Amino acid sequence: MNQTYRYPGVTPFSTAQKSLFMGREKDIEAFYQLLFVKQLVILYGKSGYGKSSLINAGIIPKLEQSLLNKAKYFQIRLYTQEKGNVLGGINNSPHDTLIKHLSNDVQELDFMLPLKAKMSEDDHFWYWIKQHQYKNKNTPIIFFFDQFEELFSYSEQEIDAFAAQIGHLLYQTLPEECRSIIEHELFQSLSHEQIDFLYEKPNIKIVFSIRADRMSLLNRLTKYLPNLLQHHYELDAISEESARMAIEKPSQIISDTFLSPNFSFESTVIDSIIKRVKNDYDGKIETAALQIICRFIEEHTVIEQQKLVITEAVLGNIKNIFKNYYQSALNKLEVTEQENVRRTLEDKFIQNNRRIPFESNHIQQEYGFSEQVLRQLEDSTLLRKERDSYGRYIYEIGHDTLIEPILEFSSKRRQEELKIKIRRRFYTISGAMFVLLGILTVIGYLYYEADSSKDEALKARDQANSLRIQATHALNQVYLQQARSLKDNIDNLERNGGIPVAKYYCDSATNILNRIDTITDLDSKREGIMLQTEISKIKNRIK
C-alpha cells in the first residue's frame, strides 16, 4: 500500500487528496458554477492561497463525479522560459506545449487528414480540438492553465501567437483558411454529416489561473482576447473557521493509508498556528504557510517523536519551523550529498526571487543529483515534480513560501564563503610582505657594507635608496590591493544586505589606506585618495 502524509506541505493538493482538502467548499461550488456559464474565466489570488489546490482537489473531482456536467479537461503548465536558458531541455513554445497535450491519447479522424495536410500549422489547435470534440460528442472541453503568469516569460512573438490561437478557438467557428480549403478543394469528398461537424463550433472553456500581483500582464492579451478580464474569480484567504478545519480534521482521520497515526491538537496550539500564519498587515491566512507547519508537525513531532497530542510545550517556537523545514529536508540526505544539493537549490532553482523549473535528466547530468536524492527531495515536498506534455519529469521548488527561508540560508552561506576568501587573500598578501621584509633586510646589509669604503658606500647608498623606493612602492601596492579587495567585498555585501559586515570592512579599508607612504610614491597616493573617497561614500550610505 502506498502510504501518504495527511498534509501535503508546500506542494498543492492533488486530485487523489480531495478528501483532505478542507475549508474551500464555498469557493469550489461558486467557481464550478461560474465555469459552466462562462467561456473564459480568470482565477486569481495571492501566491499561497491555494489556486492550484482548488483546481486539483476541488474542481476536477467535482467534474469527474458529476453526472450532469460531463467534460473533457486538460491541465496545462507552460513553465517559465528564462532568456538565454533552456532550463535543462524545457524549451517548448506555448504552442508546442498545447499541441502535445491535445495530440495525446486521441485517434485522428480519417476524413480530416486531407484537411490537415493542407492547413497551416497556425490552425492545428482547431484541428486537434475537433478530434476531441468528435470523440466526446461535443461535451465541454475545458483547459486549466495553471500558473499562467509563466506565459509572459516567453518572447513577444510566442505570446502573441499563443493568444491569437486561443482567440480563434473561442471566437471562430472555423478558421478562415480551413473554410476556404473545405469549400474549394474538399467539399465533394465529404459527407453532409462530416461538413456539418466541421462547421459545428467546439464547446471550449478556458481557465487562466494567475497570481494576483501578475494580473496586469493579462492586458497584453486583450488584442486577441477582448473579453479576457470580464469574468474573473478571486480566491481570497481562508477564514479562521476554515483554517481550524484544515488543521484539525485531517489529523483525526483513522486510516492505514497515512504514514502517521491519527493525532490531535490542543485548541491553544491551533490558535498559535493561526496567529503565526496570519499576515501582519491584513490578518489574512496563507494556506501554504499553514500546510508547511502542519506537515512539519506530522513528520517530526508525530512520526519521529511519536507525540499523539500536540501541546504548546511539544510544539515549541513556530517561528523556527520554516527555517527548520528547509534544513531538515537537507539533513535527510547523505552527508556527502548535502552541500551540492544546497548550492544547487540556492543558486540554480531560485533566480531573481523566482522558482526556476528543471528537467530531471538535466538535474542528474549537470548537477549530479541521483534519482534517490530527487525522490527524497520530492518526498519532503522541498521539490515539486510534474510531468510535462512530452512525458518528462519537471522539478521546481515546492512553493513561493520557501523562497524567503532558502534565500536567507543562501545569504548566510555566501557571507561565510566571503570571510574565508578574505582570510585566504590575507595569507597571500602576508606572504608578499615577508618577501618585502627580506628586501629591507638586504637594504640594511648594503648600508652596513657601505661603511667599508667611501666609494663603495656612495654606490651602496644609491642602490639602497633605489631598493627602498621600490620596496615602499611594492608595500604600498600591497596595501592598495588589500583595500581594493575589501572595497569589492563591501559592494557585494551592500547589495546583499550584509550591512554590519560591510561597516566593519569599511573601517578596515580606511586603516589600511592610512598606512600608505605618500612622500615618495605619488601614484599610490592618488589611488589611495580615490579609494578613500569611494569608501567614505559607501559609509555614508549604509549608516
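The model is a predicted one, and every value below was computed from it.

**The five-stranded parallel sheet**

Five strands make up an open sheet whose order is β2-β3-β4-β1-β5, with parallel pairing. Its edges are formed by β2 (72–76) and β5 (232–234), each of which pairs on one side only. On average, and with direction ignored, neighbouring strands of this sheet are turned by 15° against each other.

| Strand pair | Bridges | Sense | Example of facing residues |
|---|---|---|---|
| β2 and β3 | five | parallel | I76 and F145 |
| β3 and β4 | five | parallel | F143 and I206 |
| β1 and β5 | three | parallel | I42 and H232 |
| β11 and β12 | five | antiparallel | K385 and Y395 |

Strand β3 deserves a separate paragraph. Five of the five residues of β3 are buried, so this strand is largely enclosed by the rest of the structure. In a regular strand, side chains alternate between the two faces of the sheet. In β3, I141, F143 and F145 lie on one side and I142 and F144 on the other, and since a residue counts as buried when its relative accessible area is under 20%, the burial of all five shows that both faces of β3 are covered.

Helix α3 (residues 94–103) touches β2 and β3 (141–145), and its direction makes about 145° with that of β2. Helix α6 (residues 156–171) lies across β1, β3 and β4 (204–211), and runs at about 145° to β4.

**Residues in and beside the sheet**

Where in this sheet does I210 lie? I210 is part of strand β4, and with a relative accessibility of 0% it counts as buried, because the limit for that class is 20%. Its contacts, leaving aside residues up to four places away in sequence, include I42, L43, Y44 and G45, and they also include K51, F148, E149, M215 and L218.

K46 is found in the loop between β1 and α2 (51–65). With a relative accessible area of 27%, K46 is classed as partly exposed, since that class lies between the limits of 20% and 50%. From C-alpha to C-alpha, K46 is 19 Å from K275, and the two are 229 residues apart in sequence.

**The three-stranded antiparallel sheet**

A second open sheet consists of three strands in the order β10-β12-β11, and here the pairing is antiparallel. Because β10 (358–359) and β11 (383–387) each have a single partner strand, they stand at the edges, and one side of each is left without a neighbour in the sheet. Strand β12 (residues 393–397) is joined to β11 by five bridges, and within this pairing K385 stands opposite Y395 in β12.

Helix α13 (residues 321–331) contains S328, which is buried, with a relative accessible area of 13%. Residues up to four places away in sequence not being counted, S328 touches F296 and H300. With H300 there is also a polar contact between the two side chains, at 3.4 Å.

Helix α20 (residues 522–541) has 20 residues, which at 1.5 Å a residue should span 28 Å, and the 29 Å between its end C-alpha atoms agrees with this. Which residues of α20 are buried? They are S524, G528, L531, Q532, I535 and I538. These residues cover an arc of only 120° around the axis, and therefore lie on the same side of α20. The face turned away from that buried side carries the exposed residues R526, M530, K537, N540 and R541.

Key. Residues numbered from 1 in each chain as written. Predicted model: local features only at pLDDT ≥ 70, side-chain atom pairs only at ≥ 80, totals over all residues. Heavy atoms only, no water. Pairing = 2+ DSSP bridges. Helix = DSSP H or I, 4+ residues; strand = E, 2+ residues; numbered from the N terminus. Axes fitted to C-alpha atoms, helices over the stretch in contact; angles between N-to-C directions. Contact = heavy atoms within 4.5 Å. Expected span 1.5 Å × (residues − 1). Buried < 20%, exposed > 50% of the residue type's maximum accessible area, 1.4 Å probe, protein only. Arc of directions from axis to C-beta. Polar contact = N/O pair within 3.5 Å; in protein donor to acceptor, adjacent residues only side chain to side chain.
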